[in-house]
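Please work through the exercises below with the sequence and the model side by side, trying each task before reading its solution.

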Amino acid sequence: MGQIILKNQPCPKCGSSDARQIYEDGSHCFSCNTQFPKEEKSNIRMVSSNSYHESLEDIAKYDTRGFKERGITKRICEYYGVKVSYDQQGEIDAHFYPYGKDAITGYKKRKLPKEFLIIEKMTGLFGQMQAGNGGKLIVITEGEIDALTVQQAWFDKYEKFYPVVSIPSASQTKVLLENRDWLRNFESIVIWFDNDDPGKQAADKAAKILGFDKVKVVRNCTLKDANELYLKEGHFGVLKAIWEASPWSPAGIISSGDTWELYKAELEGEYIPWPPFAKELNDKIYGRRLGSITILCSGTGMGKSSFLKEDQYHLLTTTEDKIGVCSLEESVSETVSGLLAIHLNKRIQLPDVIVTEEEEKNAWLETMGTNRLMFLDHQGSVTDDSLIDKMEFMALSGCKYIYLDHITIAVSETEDNDINRATDRIMSDLLKLAKRHNIWLGVVSHLRKTNTTQKSYARGAIPSDDDLKGSGSLKQIGAQIIAISRNKTEEDPIKRHTSRLWVLKDRFSGRTGPMGQYRFLESTGRLAYSESLDEDFNLQL
């Protein structure tokens with residue numbers, strides 16, 4: 001590859017501190033065997049020996065200054081031996097951070113605002129020369145500025161210096177392995193890397209390298225890094241984050257000592273009531289919870305769509321939240337028409353129902369015109385694998401309640417014809433969606449053609465959770481399962497139009513069984529609560 005122009009440099013890919021050799025026409029890491037082209041884009045700029053003449057001796061003579069914009073004083077920079085250089089206008093144009101275990105072997109030069117160069121050889125950790133050879137506590141940061149910040153916080157509080165070191169970047173955790181024995185001389189190690197994905201991944205790697213018995217990780221900082229926290233909350237905020245650092249555990253594992261807030265949040269979870277026609281669902285199971293899925297099921301033609309539209313209208317008129325509707329059996333215009341009919345208390349879909357255009361327009365303005373509903377326009381196609389993505393878009397757009405009517409269609413045309421596997425996958429994705437955005441999902445499921453009783457659904461058979469069409473994930477993942485039963489063959493019109501509600505599962509209360517009934521009113525198309533199957537009652541809205 002030509003002549004070597006810079007020896008023993010860090011590798012931006014594997015994190016080795018000295019395995020990368022820079023040649024005239026590129027560079028090569030002898031640790032991970034990666035070859036880099038000359039025009040590579042990395043945070044470490046390559047320079048030739050002919051164009052750069054700063055030596056360690058030269059840099060040692062440079063000035064030391066504090067960084068006012070970072071809240072770091074000259075005293076802290078002097079302690080670490082940080083140097084600066086100036087441009088022709090006398091402004092600071094570069095910082096020089098010394099590295100070495102016992103003596104300075106190299107500098108990391110930061111040419112402002114954010115271009116990096118390695119001078120000579122970087123060994124050990126930034127601040128290692130000052131940290132001593134053991135003690136009660138050492139803090140490891142990601143980047144020199146954060147190390148200076150943590151030291152500044154200690155000094156502000158106690159006017160003393162404490163062991164604080166830094167790795168060069170999130171990709172260079174290998175330096176911790178090279179200095180593992182030295183670091184483990186400290187009784188406790190606190191890792192405080194940036195609050196972003198690379199930082200979190202690097203913190204996990206660092207914890208594994210240094211050993212779970214000694215490591216704690218700062219996870220309670222909602223800002224990007226220690227310096228941002230210091231500028232906002234001062235030394236108290238920084239030291240509090242260190243004192244409250246948690247013992248490291250893999251993602252998804254939570255210590256019991258960290259569960260108080262989770263417990264309180266669960267107790268204070270918000271219940272959203274159902275419409276008045278489903279009064280007993282509110283009385284007995286308190287409504288439905290955000291962050292969960294409710295499964296609604298019934299036989300064909302039992303009025304699931306009417307139930308959903310009444311519920312959507314109820315949320316539209318009793319909350320200020322957005323609502324997402326993914327109806328795979330009807331067009332957007334049909335859904336809009338059904339909601340306008342509820343608002344007008346008129347069955348405007350029927351040809352003999354008279355409604356003026358002014359009434360329609362006013363109803364539209366008072367419902368659709370609020371811009372609080374979002375509809376999935378599937379245009380007849382339900383094979384699109386991006387259904388979950390579209391529902392997530394709704395959630396990100398502010399929809400707190402999203403309806404999927406119905407899941408049976410959503411999984412009906414899978415590539416491998418494996419309906420059960422497709423149902424498992426979509427239910428898993430829906431649960432993650434509900435938890436990730438703390439939204440409620442109402443999912444409609446059809447029933448199997450044969451049920452667990454001898455009676456047909458059309459004649460009022462009560463569904464069980466085993467009758468759900470699809471895999472067992474429907475009854476396992478759904479927090480609530482609500483069934484509708486009705487005898488469509490009844491001669492008496494009141495009984496024929498009266499539906500009964502059954503709770504087959506409620507994870508929160510544990511209550512199941514009959515949950516009242518409601519009647520469809522032919523004159524208005526609305527649903528109203530019924531005390532009994534035989535009563536002659538008035539509409540209660």
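The model is predicted, so local features need pLDDT of at least 70 and side-chain atom pairs count only at pLDDT 80 or more, while totals for chains, interfaces and linings use all residues. Residues are numbered from 1 along each chain as its sequence is written, and side-chain values use heavy atoms, with hydrogens and water left out.

**Exercise 1.** Work out which residues of α15 are buried and what the buried residues pack against.

Solution. Begin by locating helix α15, which covers residues 419-437 (helices are DSSP runs of H or I of at least four residues, strands runs of E of at least two, numbered from the N terminus). Next, pick out A422, T423, I426, M427, L430, L433 and A434, which are buried (under 20% relative accessible area with a 1.4 Å probe, protein chains only). Seen down the axis of α15, these buried residues fall within an arc of 125 degrees, so they line one face of the helix (the arc is that of the directions from the helix axis to the C-beta atoms). Finally, their packing partners include β16 (293-298), α13 (387-396) and β20 (440-445) (contact means heavy atoms within 4.5 Å).

**Exercise 2.** Determine which strands stand at the edges of the open sheet of 4 strands.

Solution. First write down the order, β5-β6-β7-β8, with antiparallel pairing (two strands pair if DSSP finds at least two bridges between them). Then note that β5 (83-86) and β8 (115-120) each have a single partner strand, so one side of each is left without a neighbour in the sheet. As a check on β5, follow its antiparallel pairing with β6 (residues 92-99) over 4 bridges, where S85 has A94 as its bridge partner.

Note on methods
Expected span 1.5 Å × (residues − 1). Buried < 20%, exposed > 50% of the residue type's maximum accessible area, 1.4 Å probe, protein only.
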